[in-house]
Amino acid sequence: MSCSVRLDGFGFSHEEVMDAVKNRRLLSMEIEFGRECNFRCPYCYVVDPASAPKELTPEEIRNAIDQAHALGARRLIMLGGEPMLYPQLQEMVSYITGKGMEIELFTNGTNVTPEMAAFFFEHSVKVVVKLNSFDPVVHIQLTGRKWAHDCIHTALNNLLAAGYPTEEKRIAASTIICRQNINELKELWCWLRDRDIDPYFEMITPQGRSSRNQWLYPEPAETEALFFDIARLDREKYGHEWEPQPPLVGNKCLRNQFTCLVDAYGNVMPCVGITIPAGNIRERSLKSILADSIMFGHLRDYKGRIKGPCAECVQADECYGCRGAAYQLTGDYLGSDPLCWHNKHRLDEIIHLPAAAAPFAPQEIPMLLVDTLVSVGDGEAVTESTVRTGTPFVDRMGCLDNAAYLEMMAQTVAVYHGFQNHGRTHAAPGGMLLGTRDLNIHGEARVGDILRIHIRHTTLFGAYSVLSGTITRNGEPLASGELKVWEGTQEPQPVALLV
């Protein structure tokens with residue numbers, strides 16, 4: 001499915017977006033009703049877990065919708081899988097519109113019969129149909145189904161016959177930009193504009209199946225030329241004025257300020273591209289997940305947090321590239337977007353994880369014990385350390401002193417914060433370890449062992465944080481404990497939480 005949004009500035013004012021940012025509220029929510037799909041698109045973002053949990057029940061979906069509505073969401077975006085295969089789709093549409101919420105439904109055209117088209121028109125559903133090419137052969141290549149071309153055009157014809165489009169009741173075509181169709185996209189754009197169908201053209205996010213199909217991707221220069229050619233065409237022929245910027249043709253993607261995704265299993269993520277769950281609605285409320293998530297806070301308050309070339313871009317005030325592409329290619333949801341043409345000559349400045357820990361650590365060898373920053377997530381990080389001879393914490397027998405475990409956890413916290421602040425456009429804050437408790441030693445490490453250190457925020461209180469830490473060797477627990485740290489620009493003051 002596509003992750004595009006409307007081509008009318010999202011339909012939300014700047015004031016509404018800023019209020020949503022300030023109060024951790026929503027203006028829209030994306031949701032997967034299920035993962036079943038009858039297409040096999042090589043660019044699909046979906047990757048089901050090896051042993052997938054049970055999908056959300058209709059009651060759990062309604063509960064998620066209720067929670068989003070209570071948080072201010074006015075629009076519900078249905079993704080998949082293929083929503084048209086969901087048995088309770090009509091029931092859900094009626095439930096959502098009964099709450100006064102708008103609906104955008106992304107579909108490959110399956111089951112968009114005349115009756116369903118009429119139902120959607122009656123409920124003012126904004127239907128977005130997958131349309132990647134005029135060529136049936138290309139459609140087969142991009143959908144994995146011989147009948148895809150006929151299916152899509154039948155759906156469009158049924159929607160047009162039902163009365164779409166009108167000023168209030170819109171339809172759109174979702175189109176990915178790939179090597180196979182890039183030469184016909186200007187013609188397709190005009191075909192859609194001439195029929196008053198909104199074009200949703202977007203770059204592919206390199207994840208799921210698309211990460212294994214490099215034959216899909218055009219060169220950055222080709223993509224850049226397409227954006228500017230369509231911008232000129234849209235201005236001269238149709239009177240639409242917009243500044244080209246990835247990943248959406250004719251639009252800006254700043255959705256992480258006001259939306260979230262609930263996947264078919266209840267995981268809450270910023271969008272389909274940033275596959276880091278902040279929580280699960282089966283375990284916690286949507287409100288608490290959004291309020292407590294460090295990642296959501298970073299993305300909503302993104303200015304000054306985006307790193308590397310994207311932070312210095314002339315369009316940085318109104319663009320942060322594709323956060324999904326940045327995360328999928330670098331492992332950092334605040335990193336620069338390697339697929340943006342503005343960055344094509346500065347790729348060597350973009351940090352990719354795993355990365356050496358030294359540039360982000362205040363310690364130096366031999367006191368620096370962690371070697372590699374492996375990954376970062378929502379308020380958490382993983383580093384790796386190889387126990388070596390000559391390390392101050394290793395005795396003559398080659399055994400690692402227990403005190404090193406606490407030092408490794410503290411250094412992982414320092415490396416994590418150093419990485420999060422690296423290359424930011426304002427001064428990075430300082431930090432200090434205030435104490436620890438419940439340090440438990442479960443095993444012994446020796447020279448040659450490779451250790452994994454995992455730290456995770458559990459409590460935030462202003463500039464003060466409590467983090468849990470664990471150290472493992474090949475999955476075997478060696479140590480665990482809790483760290484209390486301060487991060488800020490002034491000297492820390494006594495706080496009861498940390499006493």
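**The helix pair**

Mentor: Helix α3 (residues 89-98) and helix α4 (residues 114-122) have axes that come within 11 Å and cross at roughly 10 degrees. That puts α3 roughly parallel to α4, since angles under 35 degrees count that way, over 145 as roughly antiparallel, 65 to 115 as roughly perpendicular and the rest as oblique. The axes are lines fitted to C-alpha atoms over the stretch in contact, with angles from 0 to 180 degrees between N-to-C directions. Helices here are DSSP runs (H or I, at least four residues), strands are E runs of at least two, and both are numbered from the N terminus. Bear in mind it's a predicted model, where local features need pLDDT of at least 70, side-chain atom pairs need 80 or more, and totals for chains, interfaces and linings use all residues. Residues count from 1 along each chain as its sequence is written, and side-chain values use heavy atoms, leaving out hydrogens and water.

The crossing of α3 and α4 is left-handed (the near helix is turned anticlockwise from the far one by less than a right angle; clockwise would be right-handed). On the α3 side, the contact (heavy atoms within 4.5 Å) is made by Leu-89, Gln-90, Val-93 and Ser-94. From α4 come Met-116, Phe-119 and Phe-120. Sorted by type, the residues of the α3 and α4 contact are 5 nonpolar, 2 polar and no charged. Nonpolar covers Ala, Val, Leu, Ile, Met, Phe, Trp, Tyr, Cys and Pro, charged is Asp, Glu, Lys and Arg, and the others, Gly among them, are polar.
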